[in-house]
Each structure stands twice: as C-alpha cells, then as structure tokens.
Amino acid sequence: MGFRLSNLLLEIKFKAKLFKTKVIIWDVDGTLWRNRILGEVLKREFIRIIALKRNVPLAAAAALLRKNEKGVSWSHAASELTNIPETKIIKLVEKRVNKALFLHRDEELLSFFNKLKKYRHFILTNATSKNTYKVLKKLGFPIKKWPYEKQLEFAPFEKIFTLDRIKKNKPHPDGFLKILEITHLPPSQHLVIGDSYYTDIRPAQMLNLKSWWIRKKLW
Ligand SMILES: [Mg+2]
C-alpha cells in the first residue's frame, strides 16, 4: 500500500473508532480518484460554459471562474456566473467528459476498502449515474448483482446515490438525509469523507454527521 492511502486508512480508522462510526459516506470525484489532468479537463468544461453563456473569450471566463470559485465549487460558481441551474451545468459537463478514460484500475484503493469491511459504505456523488457507473467499474469495484449493472450495484457500497437519483446536488442536504433514512442510525454514527469543504464537509457538519476532509496535500 502506498503512502497516500495507507495514511488515509490510518486516519479513517482513528476517526471512525473515536466517533463510533457505523456508516461511511463517500464522495467519488477527487476522493476515490485523484487525477490532475482529469481535474483540468473538467475545469475547462465549466470555463467553456461560462464563456459561451456570457459571450466572452475563454481566458476571461477562466478569470471569472477563478474569482468566483473561492469557498464554493466550480459548478456553483459557474451557475452563479451564468444563471444556469447548477444541476443542469453539472449534467452538461458530465455529458462531455468521460472520466473513466482518464482512470485505471486501482488495486490500492480496492485493498484499502477490504480493510474497512466492518463499516457500512454509501456513495453520495454529484456526478450522474452513467458516469459514476463507468468510473466505479474502471477503478475496479466489483459489480454486486450481474446482470443488474445498470442499477449501480457495486461492492462494497450498500447504496450509490447520484445526481439523477437524488435530483439535488450537494451541498443540498437531501442526499445525506436519504442515507440517514436508510440506516436508521444517529447522525453522529456516520462519517462523511470528501475532498470539498463546501460540497461534502459543510453540509455534513450542519446535519451533525461526522466528517473527514481529504485535503489536496494528502494526495
Ligand atoms: Mg469531490
């Protein structure tokens, strides 16, 4: 196991023990994978939408995004800058970028999850089902119930909630509340793990879920 994940695993085990965690809620993009090039490709798509909608050159749109993204997500900033609903912007970007093309099977990640078997795992992502399916398959998570693959049944996740299932994107609380409804456990026994303070951590705190912020420097 490499430095990155072994470190993370130690942190998660420590936190989970401290908090008496029963359920871990995972973000996907930027959390289960880190890929600088894919990050840039996604960012460019947000910039392209801003440029088109505001009828400005790409460089100007990039500057606008840079100025407005502080403390929020690219999708939120792009939505504010264009008046296009955030879910619509995310779907536009998801349609144009096949993230799986940039990723590969991640043995380290899979063995990492093998060591977290005592917890119940959920995914809550702002990505679409179509892309999430491709990404999880590419990373190597085993499909639980062949031939129901289109239903996003990947081990070890009990349920996988995507933008088109929840209809509202994080930081909206709906997805988190849906998971609380399923587990019937107190909020404090859930640990939210994500790379975005705005999208993952802040809503978790507001709902009294525990959280662990995967900061960029860890990766
Ligand atoms: Mg993320």
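This is a predicted model: local features need pLDDT of at least 70, side-chain atom pairs count only at pLDDT 80 or more; totals for chains, interfaces and linings use all residues.
Let me begin with the division of the chain, where the domain assignment gives two domains: domain 1, made of residues 3-34 together with 103-218, and domain 2, which covers residues 36-99. If you take the C-alpha centres of domain 1 and domain 2, they lie 24 Å apart. Where the two domains touch, domain 1 contributes 12 residues to the contact, and domain 2 contributes 11 residues.

Which helices supply the side of domain 1 that touches domain 2? Helix H7, at 129-139, and helix H10, at 197-206, each supply at least two residues of that side, and the largest share, three residues, comes from H7. Sorted by class, this side of domain 1 has five nonpolar residues, six polar residues and one charged residue.

Now let me turn to strand E1, residues 23-26, and to the strands it is joined with. Strand E1 runs parallel to strand E2, residues 120-124, and four bridges join these two strands; within that pairing, Ile24 has His121 of E2 as its bridge partner. Strand E1 is also joined by four bridges to strand E4, residues 190-194, and here again the strands run parallel. For an example from that pairing, look at Trp26, whose bridge partner in E4 is Ile193.

So, to return to E1 before I stop, please find it in the structure and trace its bridges, four to E2 and four to E4.

How values were computed. Residues are numbered from 1 along each chain as its sequence is written. Two strands pair if DSSP finds at least two bridges between them. Domain bounds come from an automatic or database domain assignment. Two residues are in contact if their C-beta atoms, placed from the backbone, lie within 7 Å. Ala, Val, Leu, Ile, Met, Phe, Trp, Tyr, Cys and Pro count as nonpolar, Asp, Glu, Lys and Arg as charged, and the others, Gly among them, as polar.
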